[in-house]
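Subject: Structure for your records

Hello,

Here is the structure you were expecting, with the sequence alongside. My notes on what turned up follow below.

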Amino acid sequence: MKKFLLTAWIDTPKPEAIEFALRDLSPRRKIIPTEVGFFMKATVQGADARLLNKRLLASLRKIEPHTALHAEWKSRDSAEWFFNYVQKRSRKASCSHRLKPHQAGHARSRR
């Protein structure tokens, strides 16, 4: 299981019902109401960002079908961005980011 930092923007016409569902997502979360829904940061554990995103959006859409989700899922070695169910982009952490500080200088000097 990986630990993901979720940053999400949720657009919904029924914020009261959606907020209740978001509170059950993770004990470590921050939910901020906006004019169109919510901005949220949470720590979530799971095997895969795509599956976590799919489960989150499916659970929100069971409550309100017109809910939209813009989400960024960051783990230690990657970051993935989604709009609803569609992955928009992803990034793997570069090799030098995984090196210890004293090793990073050596990796750069070899290039």
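Which residues have the most contacts inside the largest nonpolar core? They are Leu 6, Ile 10, Leu 22, Leu 56, Leu 69 and Trp 73, in a core of 20 residues. Strand 1 (2–11), helix 1 (15–23), strand 3 (37–46), helix 2 (49–63) and strand 4 (68–74) each give two or more residues to this core. Helix 2 supplies the largest share, with five residues. In soluble globular proteins, nonpolar side chains tend to be buried together.

Please keep in mind that this is a predicted model.

As for the overall layout, the chain has four helices and six strands. Their order along the sequence is β-α-β-β-α-β-β-β-α-α. Of the 111 residues in the chain, 36% are buried. If we take contacts between residues at least 6 apart in sequence, 55% of them join residues at least 24 apart.

Leu 22 is one of the core residues with the most contacts. Setting aside neighbours within four places in sequence, Leu 22 is in contact with Ile 10, Arg 29, Ile 31, Phe 38, Met 40, Leu 56 and Leu 60. Two of these partners, Ile 10 and Leu 56, are also on the list of core residues with the most contacts.

Lys 30 is in strand 2 (residues 29–33). Is Lys 30 buried or exposed? Its relative accessibility is 54%, so Lys 30 counts as exposed. Beyond neighbours within four places in sequence, Lys 30 has contacts with Phe 39, Met 40 and Lys 41. Met 40 is also a contact of Leu 22.

Glu 64 sits in the loop between helix 2 and strand 4. Why does Glu 64 count as buried? Because its relative accessible area is 6%, and the cut-off for buried is under 20%. A polar atom of the Glu 64 side chain lies 3.0 Å from the backbone nitrogen of His 66. Leaving out residues up to four places away in sequence, Glu 64 touches Thr 12, Pro 13, Lys 14 and Ile 18.

Regards

Conventions. Residues numbered from 1 in each chain as written. Predicted model: local features only at pLDDT ≥ 70, side-chain atom pairs only at ≥ 80, totals over all residues. Heavy atoms only, no water. Buried < 20%, exposed > 50% of the residue type's maximum accessible area, 1.4 Å probe, protein only. Contact = heavy atoms within 4.5 Å. Core = buried A, V, L, I, M, F, W, Y, C linked by side-chain atoms within 4.5 Å. Polar contact = N/O pair within 3.5 Å; in protein donor to acceptor, adjacent residues only side chain to side chain.
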